[in-house]
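Student: Could you take a close look at one part of this model, the charged side-chain pairs, and describe how exposed their partners are?

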Amino acid sequence: MHLVAMSQPDNTRHVPDSLRTNPTIDERANHCFGCGPANPQGLHLVFTTDTSDPANITATCHFSLTRMHEGPPGYIHGGIVAALLDEAMSKLNRPLNVLAMTRHMEVDYLRPAPLHQPLVLVSRHLSRDGRKLYHQAEIQRPTGEVLARGKGLFIVLDEKLLAAAGLTQPEN
């Protein structure tokens, strides 16, 4: 595995500070199905983001799933595949300094994704048009063979609405 100097684990979501009186959105999201450490049924994914090239931001996660996530015998359920791709793409929003939600997502199931084998999630930021963010993600074997690919449109949430809902601090 080749890591660029600017790569760093996304630890903020995985080490929630529940003792703070004003928890961050990441701390409130520690039950996220994809990456939340406090969700006993979650996937507990840990991503590394690479922002060394701002025009080519990526997020990567190495994982392996069990029969709990089975669809066809021996393979990951298609809904879990979609959740993995969505989670990987959502990880690109933080290095872009925005809070955004999935508006639309397409999934191409190219080959069955096996259980009990090491797999890699890789996502890439493609472009931005105002509040619209376009991302892509793939589930790959360690050899680079692509098993599934997703493309997503994420909408940046309005800062004033988030502050009014108490989810962020209002800007000064």
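Tutor: In this predicted model, Glu-70 has a relative accessibility of 24% and therefore counts as partly exposed, while Arg-67, with 58%, counts as exposed. Side chains of opposite charge can pair when their charged atoms come close.

A second pair joins Glu-138 to Arg-149, with 2.9 Å between the closest N and O atoms. Glu-138 counts as buried because its relative accessibility is 7%, under the 20% limit, whereas Arg-149, at 26%, counts as partly exposed.

Arg-141 and Glu-145 also meet through their side chains, in a salt bridge of 2.9 Å from N to O. Arg-141 has a relative accessible area of 26% and is partly exposed, and Glu-145, at 30%, likewise counts as partly exposed. Both residues belong to a network of salt bridges that also includes Arg-111.

As for the setting of these pairs, the count of salt bridges comes to five, in a chain with three helices and seven strands. Buried residues make up 37% of the chain's 172 residues, and among contacts with a separation of 6 or more, 60% come from residues 24 or more positions apart.

How values were computed:
Residues numbered from 1 in each chain as written. Predicted model: local features only at pLDDT ≥ 70, side-chain atom pairs only at ≥ 80, totals over all residues. Heavy atoms only, no water. Helix = DSSP H or I, 4+ residues; strand = E, 2+ residues; numbered from the N terminus. Buried < 20%, exposed > 50% of the residue type's maximum accessible area, 1.4 Å probe, protein only. Contact = heavy atoms within 4.5 Å. Salt bridge = Lys/Arg side-chain N within 4 Å of Asp/Glu carboxyl O.
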